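Please read them with the coordinates open.

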Amino acid sequence: MAKLTEGQLQAISIMERTCSVVSILGCLFTIVTFTCFRAFQEKPINRLVFYASFGNLMSCVGTLMSRSFLDHPNSFGCQLQALLIQWFMAADAGWILAMAINVYLTLYRKYDSKRLRRMELTYLLACYGIPFIPAFVLVFIKRNGVRVYGDAVLWCWIEEDWEALRIAVFYGPAWLVILLTMFIYVRAGRTIYMTRKELRRSSDISLLSPDSEKETSSRHTEVSLGRRLTIGSMPSRPMPPVAVEDAVEEVLGPCGRAEDSTTDPTASPPPPPQLDGSTRARRHSYEFKSAAWSYTKTSLLYFTGILLIWTPSSANRVYALVHGGTTIAPLAYMSGLVLPLQGFWNWLIYTVVSWPACKDIFRRLKSWVLRLIRPSTRDKSDGHSRKSTAQVQTVARSPSSFDCESGTALPFARDG
């Protein structure tokens, strides 16, 4: 094995600890905001990120130890570090697959939010239970008196003499999960694209029909009453783009459309305005593009995180396996940089999906800080704070901003 210099090892250790701290802060933000603010709790995707954050936090504790115990491979600290990395770092890939399964169940099996929540216990047992088995067993395996867990250059983990075992119990399963996740997203994306293409064609045809206004009003009434349409059972009549919008938003969150925050969700919907054909066509086109972009940007975020985390470290392991344990500094640097960032990427996904809620929290925090540093303007700040709090409470009741699971009110359903 090509030895890295002491300076290179020190640089790797600094990168590991820095990235671990960043991920720990991201995990704490996710856990605190999800626990304290109901606006973050409604989306199934946020709930899964919340569960995954505990595993990310534990794996970051392991990577934060860095190379501290490499001189004592049989010590409790080294064995604990290896157990944490093997167990919780592998579990993160499982949560990515769970998010993709939610997309599949929503689009193809007509799962609503209640049924998705019932799946969470299964996800918890699978994502944390399955990786625990090999991680725990490897603690007790020895060969010629030497433990499996020991010096792995970056930290305590599976020894370099067990290179094939690293592929078998860590990188191999992780890439299998990645491929399954990619397959689900590609299939779901193709389904959404083809469905929207058909809906666009149907909408264009319906605009030319003399009964289009009557059909539009009828469809509006059906959606406003809470009728749930999904891809699995498309009617023979032209279907509005509510079905795919609702399915995508059920898992991926709102599409970023603006809605009047003062709307009472319990009130009966207003009658649809009379729009001419060109206006309705432009609105249909906007709905298609906004929902597609919401799905695309979230999926790309997942793919980017997965590839950035697992590709460099996998390449490092494969290179070492092919070249008899030889490693090169660039791959070692990249592995030490990206593996501790799992918690950061999940935090990034969580923040993007919940960006409206995050902005409201930042606004309230800013108001609180201003009250502390400007006591003389307390009365004015109090009025602003009460107004901001009222807006937050109103927006929290808005289905388009936070409550994407309810499916009781869709903003564009009023427009036909």
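1. Conventions. The model is predicted: local features need pLDDT of at least 70, side-chain atom pairs count only at pLDDT 80 or more, and totals for chains, interfaces and linings use all residues. Residues are numbered from 1 along each chain as its sequence is written, and side-chain values use heavy atoms, with hydrogens and water left out.

2. Disulfide. Taking a disulfide as a pair of cysteine sulfur atoms within 2.5 Å, the count comes to one. The partners are Cys78 and Cys156, with sulfur atoms 2.1 Å apart. The link is left-handed, with -110° about the S-S bond. Cys78 lies in helix H3 (residues 76–108) and Cys156 in strand S4 (residues 156–158), so the pair ties together parts that are 78 residues apart in sequence. Helices (H or I, at least four residues) and strands (E, at least two) are DSSP runs, numbered from the N terminus. Cys78 is buried at a relative accessible area of 0%, and Cys156 is buried at 0%. Here buried means under 20% relative accessible area, exposed over 50%, and partly exposed in between (1.4 Å probe, protein chains only).

3. Cysteines without a bond. Cys19 is in no disulfide; the nearest cysteine sulfur, in Cys60, is 9.4 Å away. Cys19 is buried, at 8% relative accessibility. For Cys27, the closest cysteine sulfur is also that of Cys60, at 5.3 Å, which is too far for a bond. Cys27 is buried as well, with a relative accessible area of 1%.

4. Arg47. This residue is in helix H2 (residues 44–65). Is Arg47 buried or exposed? With 14% relative accessibility, Arg47 counts as buried. Its side chain makes a polar contact with the side chain of Glu120 at 2.7 Å. A polar contact is a pair of N or O atoms within 3.5 Å; within protein, one must be able to donate a hydrogen and the other to accept it, and residues adjacent in sequence count only if both atoms are side-chain atoms. Apart from neighbours within four places in sequence, Arg47 is in contact (heavy atoms within 4.5 Å) with Phe34, Gln41, Arg117 and Glu120.

5. Second largest pocket. Its lining consists of 19 residues, of which Gly94, Ala126, Ile130, Pro131 and Val177 lie nearest the centre. H3, helix H5 (120–137) and helix H6 (163–207) each supply at least two lining residues. The largest share, eight residues, comes from H3. On a 1 Å grid over the protein atoms alone, a pocket is an open set of points where a 1.4 Å probe fits, with protein on both sides within 12 Å along at least five of seven lines; lining residues have an atom within 4 Å of a point.

6. Positive phi. Most residues other than glycine have a negative phi. Asn144 has a positive phi, near 60°. Asn144 lies in the loop between strand S1 (142–143) and strand S2 (146–147) and is exposed, at 78% relative accessibility. Val153 has a positive phi of about 70°. Val153 lies in the loop between strand S3 (149–151) and S4, and counts as buried at 19%.

7. Helix H12. The 19 residues of H12 (residues 355–373) should span 27 Å at 1.5 Å a residue, and the end C-alpha atoms are 27 Å apart, which agrees. The expected span is 1.5 Å times one less than the number of residues. The buried residues of H12 are Ala357, Cys358, Asp360, Ile361 and Ser367.
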